[in-house]
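I opened the model to look up two things. My notes cover the salt bridges and then the sheet.

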Amino acid sequence: MAEEVHDADVSVVLIESIPLVLSGLRSALEDGGVGVVAGTHDPQAGVRAVREGKPDVVLVDLDLPAHAGIGLLQRLRRQGPAARLVAMVSPDHDDDKLLLAALMAGATGYLLKNTQTVDLLRTVHAVRRGYVTLGPRSGSELFALLKRLAESGETLPFPALTNREREVLRLVSLGYGNRRIAQELFISEKTVRNYVSAILPKINVSNRLEAIVSARLTGLETAYPDTGAAGPALQR
């Protein structure tokens, strides 16, 4: 068996919502010789740490409420394009659709949070060198997944929308107001309003209520598996 190659001086930013998991990940990485630039449970602080620290790899929690982890991956890809992104998810939330959403959002690594330390370190070093690693799924399982999607002709709802517009519409369909959507996606309320204004004509509706009905008829609000999001916010 070929000897594994580990890069020297790999730097990582950790964004994990559960403090105990965050602490465990940090210890495992540091004990394995990986430099942790920052570790935080706050996504906003994580974005700043990536922007300022310019790490090689960012580990991103996908168990954030309302699937904000996907939006966080997208934001990190835009603001820190040089960093490799590894999505982390609890085994209970692992799902093929979530894996595909993470890949579309820019992740090149995918880990279950109960992974062994050796696999955590292997993933960090692999994505640092430009490889794609997708956790416990075998190559044959991934091939079968892609084959099923191709044969079913499955497409995302509302193909006229960009990924971000579809993401905004999904949160609108959950009943979230502009303030809550801005918080979930780490953007301003004005930006949310601009997205909603652009979305309405693209899906042939004239107001927010019609947009909610149209989105729910397509099943957009359940496009990703439930990650324990709280109920819809009532603010507008």
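The model is predicted: local features need pLDDT of at least 70, side-chain atom pairs count only at pLDDT 80 or more, and totals for chains, interfaces and linings use all residues. Residues are numbered from 1 along each chain as its sequence is written, and side-chain values use heavy atoms, without hydrogens and water.

Asp 119 forms a salt bridge with Arg 122, at 2.4 Å from N to O (a Lys or Arg side-chain nitrogen within 4 Å of an Asp or Glu carboxyl oxygen). Both sit in helix H5 (residues 117–128), three residues apart. Helices are DSSP runs of H or I, at least four residues; strands are runs of E, at least two; both are numbered from the N terminus. Arg 122 is partly exposed too, at 34%.

I then checked Glu 184 and Arg 180, which also meet at 2.4 Å, N to O. Glu 184 is buried at 9%, and Arg 180 is buried at 12%. They lie four residues apart in helix H8 (residues 178–185), so about one helical turn separates them.

How many salt bridges does the structure hold? I noted nine. Glu 16, Asp 61, Asp 63 and Lys 113 are linked in a network of them.

Last, I looked at the sheet. Five strands form an open sheet, ordered S2-S1-S3-S4-S5, with parallel pairing (a pair needs at least two DSSP bridges). S2 (35–40) and S5 (109–112) are the edges; each has a single partner strand, so one side of each lacks a neighbour in the sheet.

Technical notes: Buried means under 20% relative accessible area, exposed over 50%, partly exposed in between (1.4 Å probe, protein chains only).
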